[in-house]
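Visitor: Please take one part of this model, the nonpolar core, and go through it closely. After that, I would like to hear about the contact between the chains.

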Amino acid sequence: MLSIVEIDRGTPAVKTDKHVTLEIDGRSIRVPEGTSVMRAASQAGINIPKLCATDMLEAFGSCRLCLVEIEGRKGYPASCTTPVTEGMKVSTQTTKLAEIRRGVMELYISDHPLDCLTCPANGHCELQDMAGVVGLREVRYGYDGENHVFAKTKDGEVNPHFVAKDESNPYFTFDPSKCIVCSRCVRACEEVQGTFALTIQGRGFESKVSASQNNAFLDSECVSCGACVQACPTATLSENTLIERGQAEHSVITTCAYCGVGCSFRAEMKGEEIVRMVPNKDGHANHGHSCVKGRFAIGYATHPDRINTPMIRKKITDPWRIASWDEAIAHVASEFKRLQGTYGKFSVGGITSSRCTNEETYLVQKLVRAGFGNNNVDTCARVCHSPTGYGLKATMGESAGTQDFDSIEYTDVVLVIGANPTDAHPVFGSQMKRRLRAGAKLIVVDPRRIDLVRTPHITADYHLKLKPGTNVAVLNALAYVIVTEGLVDEAFVTVRCEPEAFEKWRTFVALEKHSPEATEAETGVPAALIRSAARLYATGGNAAIYYGLGVTEHSQGSTAVMGIANLAMATGNIGREGVGVNPLRGQNNVQGSCDMGSFPHEFPGYRHVGDATVRASFEAAWGVHLHDEPGLRIPNMFEAAIDGSFKGLYIEGEDIAQSDPNTQHVTAALEAMECVVVQDLFLNETAKFAHVFLPGCSFLEKDGTFTNAERRISRVCKVMEPKSGYADWEVTQLLANAMGYPMNYRHPSEIMDEIARLTPTFHGVSFDKIDQLGSIQWPCNEQHPEGTPVMHVDEFVRGKGRFMLTEYVPTSEKVNATHPLILTTGRILSQYNVGAQTRRTANVAWHEEDRLEIHPHDAEERGINEGDWVGIESRAGQTVLRARISERMQPGVVYTTFHFPGSGANVITTENSDWATNCPEYKVTAVQVTRVNQPSAWQKRYEAFSQAQKALLDAAETS
Amino acid sequence: MNIERLVAMANDIGRYFASEPDQVVGAAGVADHLKRFWEPGMRKQIAAHLAAGGAGLEPLAKKGVERLVEIDSKLRA
């Protein structure tokens, strides 16, 4: 079912400058050439009846309901498949057309249940609407004959055509008895999602929709994106929430709080209750598509585990005590003041969240800088994309991706490095797959055979299956080929880049030690493959690089980002559509939290705290003296806590005890602090070590903005009241006031106004303007009043592009006899990050535990079978998971996800980090894997500790 | 803070700048990086460690910390 408020024009819009004029029912209308008659009519205000057509899909022409008459043409062409021509004269309603349409509808209805009043689609059923529109008054055929409607024939025999409901998917129901075989679901799966899980099985009256090889939906290849459910014109595919709750009565546009794609959604509501989430067709990042998380996995927002009252305790071994907001806020303020009085001004700090809004993040860093009087503020981007900020700033001058997502429509060569878009950024993954199906070439650089390497109608031209930790060596080898084979775009480099830095880089990268042949043994990638891939990237037309945490989360993360920027500059693949350097951000607001000055060394807009002019502007606006030296980064905070100099931490929406590496080190740091304040939806892993819990609110309960991976600022809109009484920004404001630093914002829009005043790249941004334009890509200011889809067009933000030297320094994390395998970590489609949200939804149907993926060869050597318990041991710690034997892995490399706290994936990861930013080296840990019979010692301790903490929470609830 | 960790971090920075042909420029790069990204307490600690002999610091990292000490002391003067 489509959104309750969107207008469906039947066929997609056509982008062209050429227009034609035609006449429909006597009305003259001018539309882009290539537009269908159906769409042109719709734009003229005439709605031609239709069933198989929807503007989310290409025209199909099967239902025969949208027929029209065209002057000078024979017959009754389908308006959906007929393009407009100059001077065309169309009649959409004649006696003959009415007769044909009634006949068609009569046939449809003769094989459709007449339970409209109790049908989930009632009130928004396209079949019902069309029956009304064509004036169907009788069905002469009766229901005694062959049909798909009834389980039994009229003689009481089993009806061979009838198929019972499929309720295997936790989020939607497939009821084949209501299917009109319009193929909209099948086409949505192909065109929109690109999974090709659905098909029409059989011919003629036998035709039916089938998932994979006639499997139940849950057992099929279906990824539960919901595009089919959205496309279905009847109740054949319906959200279970719609079945339970009935039609929504209003619709609010907001932005998804999961990954960095930042899909725009319409929350379709009844009062404060969400009936369904429908991706917004006008959404600039997602164009009406979504994934299983954004559309369906929102149950966490109303999960009973949510804690909606503040709680306090003296020691983490004490039971929690429920407190009023006044008491909790006063307590935090007095504790932080006490700590600063006793241990000094720099003994406290804060962590902002990439899951919170820009406005909330801005306030937390303002509280730390202006209220605490230090710069001890950091964000979880530290542990994911801080190297992106460093590397892109150093080379191009701005800590952000260069393109919008739609840029890929003009890409000829897609280079994916250390990213798995079909799992981690699924909606953009679908867009990428669409472009690849249309013929763009694909190079994948990844230790694993990710889905993109071979997926329906797509095969990577080159898969450089490198050994984890050798990204920089591979990037240098690619650069070597480009430089030594004369593939540099000399014209671009001469005009756009610093000549001295380029010459130095050219000499450096042309050294024999960087050649594909010299690095082959180290990287594991055959030299010929590197050479071919480099040639394709440099000469294949518009080439765009997409990368993720497989690039950044290494000891050389920043070096690799600079290596990527070097490649793009050397080949002139910067500054226009179809090219560029595109970091795929992990969480919804990673880009925004970085933009908002969450890093300890930078004010909003990536300006160093040591810059006196910038600091003066903030001092003037905030009315306080600001510290001019960088503060502690998250890993430094842990070190300082263990050291005894860092005592108090305000954490908004982060779960460092699960997400940060070397868990035992993190928890030791938390235990060493005197006042840990956690603001979150749930008593997460970190909150088990907290002294104060402040209830947070979900994205549905507050106003604000998120900034996605393409620098796109989109609105988050409140659809229900905060369950705790306060939105997160209000909590930070209360805390600031209690600390003696006044804040008096009445609405998040006022916070954005302040951000805009103080940040040159945001000068033109306001809530009103975002609402007016739908979304804005920063920079948005006097020079770019409507935002900037593509950056560095005529010149780089820093003026000239700067090539950086990128020496390959092998990680100190090496395999040896004790730890002969490399562990690398990542995420999967159905779960998100630490899983706090998705674990509390039916998404566990797809992934109910983290498994260790291991190559059959490594498994056999260790006597490991599918499903066996295996111990994974590194120099940092040990944990136990069940094994999954998988040829996606290369021998010598094992993989796991970190979505469940009990898995202890980060018990194994080490303190190693990126040289420039301290971003942890999550992707390379030397481990040994053995068959075991019981959980690890850490897991036993974790289980006991979690049980104890649950008891302390239960005590609070009953007191 | 754990001085071994700080030394390891300084060495990581030094190894990046090692590819710089001019070691004076390399040392300046290390010093600038430490100045821009390390909290003053950490800088003070690594400086003290250097004064005590700088055990474990690799040559370029060591030169970088020396340069950092000069910058920081100039600022204080």
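Guide: What follows starts with the core and ends with the chain contact. The model is predicted: local features need pLDDT of at least 70 and side-chain atom pairs pLDDT 80 or more, while totals for chains, interfaces and linings use all residues. Residues are numbered from 1 along each chain as its sequence is written, chains are lettered from A and ligands numbered from 1 in the order in which they are written.

A nonpolar core is a set of buried Ala, Val, Leu, Ile, Met, Phe, Trp, Tyr and Cys residues joined through C-beta atoms within 7 Å; buried means that 20 or more other C-beta atoms, placed from the backbone, lie within 10 Å of a residue's own. The largest such core has 166 residues, and Leu478(A) and Ile564(A) have the most contacts inside it. With eleven residues, helix α13 (residues 471-484) of chain A gives the most to this core; a helix is a DSSP run of H or I with at least four residues, numbered from the N terminus.

Two residues are in contact if their C-beta atoms, placed from the backbone, lie within 7 Å. Leaving out residues up to four places away in sequence, Ile564(A) touches Ile417(A), Leu475(A), Ile545(A), Tyr547(A), Val551(A) and Val581(A). A second, separate core has 114 residues, including Cys594(A) and Trp915(A).

Between the chains, 17 residues of chain B are in contact with 19 residues of chain A. On the side of chain B that touches chain A, α1 (3-17), α2 (23-37) and α3 (40-51) of chain B each give two or more residues. The largest share, five residues, comes from α1(B).

Conventions: A residue is buried if 20 or more other C-beta atoms lie within 10 Å of its own, exposed if 12 or fewer, and partly exposed in between; C-beta atoms are placed from the backbone.
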